[in-house]
Amino acid sequence: MTKVVIVDQEEKICASVIKHTGAEHRRLANQVMQQALAQASLEFDEIAYVIATGYGRIMVPFADRQITELTCHTRGVFHLNPNVRLAIDIGGQDAKGLKINNGRLLNFVMSDKCAAGTGRYLETTAHTLGLRLEDLDSISLKSSNKVSISSTCTVFAQQEVISRLSEGAPLEDILAGIHDAIASRVARMVERLKVEPDVVLTGGVAKNAAVVKALEEKLGCKILVPQEPLLSGAIGAALLSKEIIQKARERCEPIRRKQRRLDEATFFK
Amino acid sequence: MVYCMGIDIGSGTSKGVITKDGKLEAYILLPSGINYKVAAQKLRDELLMQAGLAIDDIASTISTGHGADIIPFNNKHVADMLCCAKGISHLFPSVRTVIDVQRQSSQVIKLDGKGLVTDFVISDMCASGSGCFLEVIANILQLELKEIGALSLKSENPVIFTTGCAVFGESEAISRVAEGISKEDILAGVHLALAGKLAALVEKVGLEKPCAISGGGGLNVGLIKKLEELGLHLLVPPQPQLVNALGASIMAEEQVTN
């Protein structure tokens, strides 16, 4: 997903847009930006500073600066909940755990080499079962007798899902097993950071109530989910932009901005 | 002079052979489908028909493979690693290392040159270490599994797969297609990635020559080429998919005569 957040000087969010990135569209961050500008009724030149973050941050030719998602997430989550000590972010591509104290990143763990334990695991399962991603959790929460999924690998887990279905296991029990598997994998990863409340879950998978519940059971504490869990990285990037501008103005320094135009990325041409 | 049967129910293909005095009398390959019991029954019936034998002519049956434990008729069940070792030693008595590339798993087995297993390593946790990875990418490119090996040989510039996960590899392949990279280069990349994983498995147990390949992976010239580039020169059986079933049948013969 490509997300754009625009904030004003008072840190109020003026616009937020979330769009699919996809293979062809990942160089079209400019289009998402245009939508956000329209939402805020602003011209691109009125934006004082643009920070790009995330996997595709180098695909944003109109950004003044690129900052890693760890820094942006930390800033964004801290803004949403100043008491956060552990932020877990589960996206479609990776899962991260961030140990935070007073808004400072102390340590992190990350898994991006394997689809198990990421949102991709759920997407693939939804596809296998012919269900919509957003329906998985409500079906799963009906189960009282989860099927254990023994394969770690996403590909093998799909074959297991089909085998269990053909043996007659109820859909909700299989899905409960799938949600349990992803929660176990994430829990094992973040436990390396010593879990302390408040624990905040972000990323697309945070929208899945069954994962939140399973993760709460495994970590033994309440998990807080922001109203729009996809936006924390973009919010962080917007706030960092605002701080850069503020600092420069306080010190009467010039703002180092790039020669930028709201164009698409041209790396592939 | 007895007939014996070896049955290998794989996650993709089921294989069956009938041997007599160590010689192949009949063989058959069928898709396993969802129901292994049905597959095993069909395999046995067609195999007997092909050999012109009745079930009472078979002195002993040994089964192996992914679905071997649920076969509905009388047989013994032996681990596929042992059957593979037996089968490859029967074909190539001097072999010291065998790389068995199946659909759902891969294994590297070390032999003492007399058919005994001295060491082994199995990779079955992750699809990117097995034939499944090739299947996933072939699907994306809308190609048949059997044609991708030869196609990959036409590439001079293999794509590098960065994550080592078959699911992420699938998205990477889609991205490369969108960027206009050729199918051949993407295929060469996935063969290289799998060969790399297999070579790492070989390294774990230590290579001793001669080295052979078995399983469905042995049908793939692209994979064999990439393994060769990594320093693994391979003996390839004429029908690599049958090695484990053959081993099972040979083992059954040995048990009957002893």
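The model is predicted. Along its principal axes, the C-alpha trace of chain B spans about 60 × 35 × 30 Å. Of the 258 residues, 52% count as buried. Contacts in chain B between residues at least 6 apart in sequence were also examined by separation. Among these, 69% join residues at least 24 apart.

The secondary structure of chain B comprises eight helices and 10 strands. Two of the helices, α3(B) and α5(B), pack against each other. Helix α3 of chain B covers residues 131-140, and helix α5 of chain B covers residues 166-178. Their axes lie 10 Å apart, at an angle of about 30°. Angles under 35 degrees count as roughly parallel, so α3(B) is roughly parallel to α5(B). The crossing of the two helices is right-handed.

Residues from both helices make this contact. Helix α3(B) contributes B:Cys132, B:Phe133, B:Val136, B:Ile137 and B:Ile140. Helix α5(B) contributes B:Ala166, B:Gly169, B:Glu170, B:Ala173 and B:Ile174. By class, the contact of α3(B) with α5(B) has eight nonpolar residues, one polar residue and one charged residue.

Note on methods: Residues are numbered from 1 along each chain as its sequence is written. Chains are lettered from A and ligands numbered from 1 in the order in which they are written. This is a predicted model: local features need pLDDT of at least 70, side-chain atom pairs count only at pLDDT 80 or more; totals for chains, interfaces and linings use all residues. Axes are lines fitted to C-alpha atoms, for helices over the stretch in contact, and angles run from 0 to 180 degrees between N-to-C directions. Helices (H or I, at least four residues) and strands (E, at least two) are DSSP runs, numbered from the N terminus. Angles under 35 degrees count as roughly parallel, over 145 as roughly antiparallel, 65 to 115 as roughly perpendicular and the rest as oblique. A crossing is left-handed if the near helix is turned anticlockwise from the far one by less than a right angle, and right-handed if clockwise. Two residues are in contact if their C-beta atoms, placed from the backbone, lie within 7 Å. Ala, Val, Leu, Ile, Met, Phe, Trp, Tyr, Cys and Pro count as nonpolar, Asp, Glu, Lys and Arg as charged, and the others, Gly among them, as polar. A residue is buried if 20 or more other C-beta atoms lie within 10 Å of its own, exposed if 12 or fewer, and partly exposed in between; C-beta atoms are placed from the backbone.
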